[in-house]
Amino acid sequence: MGCGKTMQLLQVAFNYEERGQKVCVCKPATDTKNGSKLSTRIGPERKTDFCFTRTDNLFEIIKKDYVHVACVLVDEAQFLTPEQADQLMQVVVKLNTPVMCYGLRLNFRLQDGGFEGATRLLQLAHKIEELKTICDCGHKATLNCRFLDGELVTDGPDILIDDGTSKIEYKSICPACYYRLIEDKK
Ligand SMILES: [Zn+2]
């Protein structure tokens with residue numbers, strides 16, 4: 001959504017690998033746009049080690065196949081289930097493997113709040129870092145908004161499948177611009 005989350009993840013993976021350590025990179029299988037790859041707006045991309053569905057037990061998968069890694073990196077972590085957030089906590093405490101999750105804390109529908117997985121992550125995390133980005137107006141962008149054919153939308157499913165009928169974009173904007181766009185729609 002323009003604040004460089006995936007880029008940050010790739011940088012962390014690079015730092016580990018530069019020191020000869022292995023990482024496990026994974027993401028939910030909900031992001032259809034890039035298949036199983038992680039990609040960034042500015043170019044770099046990388047294959048994931050695995051993609052998971054909402055019923056997968058991440059603790060069991062990591063315990064079985066990735067117990068040797070130095071760090072687990074999760075992209076699009078807002079799509080975790082709350083149970084999976086807890087499973088990642090188990091990875092940290094039972095396998096003694098650090099887990100870093102990159103995601104959004106709030107979905108595009110400002111009114112009904114967060115992604116349930118992200119909310120659980122925020123409750124469990126040992127440490128939370130905010131990646132900052134800037135709105136077109138220059139203020140700090142805190143909202144992740146969905147635009148269909150250039151127009152702000154405030155309703156719809158969490159995950160919108162791109163069927164090619166309209167142009168789907170996500171933009172980070174500030175609350176002031178959000179309310180202005182809502183007013184403009186009326
Ligand atoms: Zn703004």
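Select Asp-149 to start: this residue lies in the loop between β7 and β8 (151-153). The model you have open is a predicted one. Asp-149 is exposed, with a relative accessible area of 54%. Check its backbone too. Phi of Asp-149 is positive, about 50°, although the residue is not a glycine.

**Another positive phi**

Go to Asn-96. Asn-96 sits in the loop between α3 and β6. Its phi is near 60°, a positive value in a residue other than glycine. Is Asn-96 buried or exposed? At 67% relative accessibility, Asn-96 counts as exposed.

**Pro-98**

Now select Pro-98. Pro-98 is in the loop between α3 (82-94) and β6 (99-101). Its relative accessible area is 37%, so Pro-98 is partly exposed. Show what surrounds it. Leaving aside residues up to four places away in sequence, Pro-98 touches Tyr-16, Ala-70, Cys-71 and Val-72. Pro-98 and Glu-183 are 85 residues apart along the chain. Their C-alpha atoms are separated by 44 Å.

**The zinc site**

Centre on the zinc ion. Which residues coordinate the zinc ion? Cys-135, Cys-137, Cys-174 and Cys-177 do, each through SG, at 2.3 Å. Look at the angles next. The four donor atoms subtend angles of 105 to 117° around the zinc ion, so the arrangement is tetrahedral. For reference, the ideal angle for four tetrahedral donors is 109.5 degrees. Along the sequence, the donor residues of the zinc ion follow the spacing C-x1-C-x36-C-x2-C.

Cys-137 counts as partly exposed, because its relative accessibility is 40%. Cys-177 counts as buried, at 10% relative accessibility.

**Two domains**

Colour the chain by domain. The domain assignment gives domain 1 (5-124) and domain 2 (143-185). The C-alpha centres of domain 1 and domain 2 lie 25 Å apart. Zoom in where they meet. Eleven residues of domain 1 are in contact with 14 residues of domain 2. About 1,000 Å² is buried between domain 1 and domain 2, and carbon and sulfur atoms give 62% of that area. Select Phe-108, Arg-109 and Leu-110. In domain 1, these three lose the most area to domain 2, together 59% of what that side buries. How many salt bridges are there between domain 1 and domain 2? The count is zero.

**Salt bridges**

Now look for charged pairs. Side chains of opposite charge can pair when their charged atoms come close. The count comes to 13 salt bridges.

Select Arg-120 and Asp-86. Their side chains meet in a salt bridge, 2.8 Å from N to O. This pair links distant parts of the chain: Arg-120 is in helix α4 and Asp-86 in helix α3, 34 residues apart. Arg-120 counts as partly exposed, at 25% relative accessibility. Asp-86 is also partly exposed, at 27%.

Move to Lys-127 and Glu-129. Their side chains form a salt bridge at 3.3 Å, N to O. Both Lys-127 and Glu-129 are exposed.

The last stop is Glu-130 and Lys-132. Their salt bridge spans 3.8 Å, N to O. Glu-130 is partly exposed at 42% relative accessibility, whereas Lys-132 is exposed at 58%. Salt bridges that share partners join Glu-130, Lys-132 and Lys-140 into one network.

Notes
Residues numbered from 1 in each chain as written. Predicted model: local features only at pLDDT ≥ 70, side-chain atom pairs only at ≥ 80, totals over all residues. Heavy atoms only, no water. Donors = N, O, S within 2.8 Å, 3.2 Å for Na, K, Ca; no water. Tetrahedral: all angles 85-135°; square planar, octahedral: opposite > 155°, others 65-115°. Buried < 20%, exposed > 50% of the residue type's maximum accessible area, 1.4 Å probe, protein only. Domains from an automatic or database assignment. Contact = heavy atoms within 4.5 Å. Buried area = accessible area lost by both parts, 1.4 Å probe. Salt bridge = Lys/Arg side-chain N within 4 Å of Asp/Glu carboxyl O. Helix = DSSP H or I, 4+ residues; strand = E, 2+ residues; numbered from the N terminus.
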